[in-house]
2 protein chains.
Amino acid sequence: MSGLYFEDLSVGQSADLTRTVDEKAIQAFAEVSGDHNPVHLDEAFAATTPFKTRIAHGMLSAAYISALIAGKLPGPGAIYIAQTLGFRRPVKIGDEVTVTATITALDPEKARATLATVCTVGGKTVLDGEATIMVPRRPA
Amino acid sequence: MSGLYFEDLSVGQSADLTRTVDEKAIQAFAEVSGDHNPVHLDEAFAATTPFKTRIAHGMLSAAYISALIAGKLPGPGAIYIAQTLGFRRPVKIGDEVTVTATITALDPEKARATLATVCTVGGKTVLDGEATIMVPRRPA
C-alpha cells in the first residue's frame, strides 16, 4: 500500500481524476463539513444569488485534489505540507470536475515535491493552486 | 438567510467553532472525497507510518474552516476567493478541532476581507492559513 517514492518523481509528471458533483456529494459534504450554507442546498435561495443556481462547496473540489495526491501522485505515504486554493468559477450540481496535478519542482534535500493543482469543468478552470508534499524516500 | 455585510466587518473581529473528528466523519470524508488512503482508514497500515496511528484527512479541517466562514463570519452570501493551508500537525481520530477565523484586513474598494484561519487541537496549531472572501455590501 505504498505510493511513489521521491526517487520515482520528475518535473512534468502528471496525474488526473474526474468526479461528478451530484446531489448526493453535496448533501454528504454539507453533513461532514457542517457547511449548510443555503447557496449549496436551497435552490430558491440560490436563485437570488449572483450564481442563479445552487453551487458546490469550494472545498469539495479541494477534497478531490487531496484524493488525487493521496491516491495517485505521489500516493499513499506522502505527507501534505501545504496547499493554496484560488476559487475561480463556481461548480454547479451535475458538473464533472477534472483534477490535474503536475510536478513543477522537486527539492531533493527535503524530499519535497511542488505540484500545480488545477480543477476544470468543461475545459475551464474552476480552482487552481499549488500543493507542497513530503514524499518518502525509497528504502535503501 | 443572509450573513454579515461588508459594512458590519472590522479588523480583529473573530469567530470560532469546534468539531470532534470521529470515526463517522473520517468514513464520510473518505467516501465524499474519494480519498481512501490507508493512513486514514487502516489502523494496521497507519501503525507503520511516522504518525503511528490513523490520522484525519487534512482537508477535513479545511472543510471546517469553510463551514465557519460560510456559517458565521461573514456567513451566507459571502464568496470564497482564496484559501491557503499549512498542515502543521496531524489530527487524530477523536480529536476536538477548534477553528478560529479573525479578520486581518478589509479592502473597501473590492469589498474583500482577509481572515487568519487557524485550527487547533488541545491548544496546538494543526493547520493555519489565510482566507480571502468577497462580502456582499449592505443594500442601499
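Modeller: A:Pro74 lies in the loop between α4 (58-71) and β2 (79-87) of chain A, where helices (H or I, at least four residues) and strands (E, at least two) are DSSP runs numbered from the N terminus. This is a predicted model, in which local features need pLDDT of at least 70 and side-chain atom pairs count only at pLDDT 80 or more, while totals for chains, interfaces and linings use all residues. Residues are numbered from 1 along each chain as its sequence is written, chains are lettered from A and ligands numbered from 1 in the order in which they are written, and side-chain values use heavy atoms, with hydrogens and water left out.

Colleague: What is the form of the peptide bond from A:Leu73 to A:Pro74?

Modeller: Most peptide bonds are trans. The bond from A:Leu73 to A:Pro74 has an omega near 0 degrees, and its form is cis.

Colleague: Where in chain B is B:Pro74 found?

Modeller: The peptide bond from B:Leu73 to B:Pro74 is cis, with omega near 5 degrees. In chain B, B:Pro74 belongs to the loop between α4 (58-71) and β2 (79-87).

Colleague: Is A:Lys52 buried or exposed?

Modeller: A:Lys52 is not a glycine, yet its phi is positive, at about 70 degrees. This residue stands in the loop between α3 (43-46) and α4 of chain A. Buried means under 20% relative accessible area, exposed over 50%, and partly exposed in between (1.4 Å probe, protein chains only). With a relative accessible area of 59%, A:Lys52 is exposed.

Colleague: Is A:Ala111 buried or exposed?

Modeller: A:Ala111, a residue other than glycine, has a positive phi near 55 degrees. Its place is in the loop between β3 (96-107) and β4 (112-121) of chain A. Because its relative accessibility is 4%, A:Ala111 counts as buried.

Colleague: How many aromatic pairs are there over all chains?

Modeller: Rings of Phe, Tyr and Trp (its six-membered ring) pair if their centres lie within 6.5 Å; planes under 30 degrees apart count as stacked, over 60 as edge-to-face and the rest as tilted. By this rule, the number of aromatic pairs over all chains is three.

Colleague: Why is the pair of A:Phe29 and B:Phe29 called tilted?

Modeller: The ring centres of A:Phe29 and B:Phe29 are 6.3 Å apart, and the pair is tilted because the planes stand at 50 degrees. A:Phe29 lies in helix α1 (residues 23-33) of chain A and B:Phe29 in helix α1 (residues 23-33) of chain B, so the pair joins two chains. A:Phe29 is buried at 0% relative accessibility, and B:Phe29 is buried with a relative accessible area of 0%. The reason asked for is thus the angle between the planes, 50 degrees.

Colleague: How far apart are the ring centres of A:Phe87 and B:Tyr80?

Modeller: The planes of A:Phe87 and B:Tyr80 are at 45 degrees, so the pair is tilted. A:Phe87 lies in strand β2 of chain A and B:Tyr80 in strand β2 of chain B, so this pair joins two chains. A:Phe87 counts as buried at 14% relative accessibility, and B:Tyr80 counts as buried at 16%. The centres are separated by 4.8 Å.

Colleague: Which residue is the bridge partner of A:Phe87 in β5(A)?

Modeller: Two strands pair if DSSP finds at least two bridges between them. Six bridges join β2(A) to strand β5 (residues 124-134) of chain A, and the two run antiparallel. In β5(A), the partner of A:Phe87 is A:Leu127.

Colleague: Which residue of β2(B) is the bridge partner of A:Gly86?

Modeller: Seven of the nine residues of β2(A) are buried, so this strand is largely enclosed by the rest of the structure. β2(A) also pairs with β2(B), in the antiparallel sense, over five bridges. The partner of A:Gly86 in β2(B) is B:Ala82.

Colleague: What area is buried between chain A and chain B?

Modeller: Contact means heavy atoms within 4.5 Å, and it takes 34 residues from chain A and 34 residues from chain B. Buried area is the accessible area (1.4 Å probe) that two parts lose on being put together, summed over both. Carbon and sulfur atoms give 67% of the area between chain A and chain B, which is about 2,800 Å².

Colleague: How many salt bridges are counted between chain A and chain B?

Modeller: A salt bridge is a side-chain nitrogen of Lys or Arg within 4 Å of a carboxyl oxygen of Asp or Glu. Between chain A and chain B, the count of salt bridges is zero.

Colleague: Which element gives the most to the side of chain A that touches chain B?

Modeller: On that side of chain A, α1, α4 and β2 each supply at least two residues. The element that gives the most, with nine residues, is β2(A).
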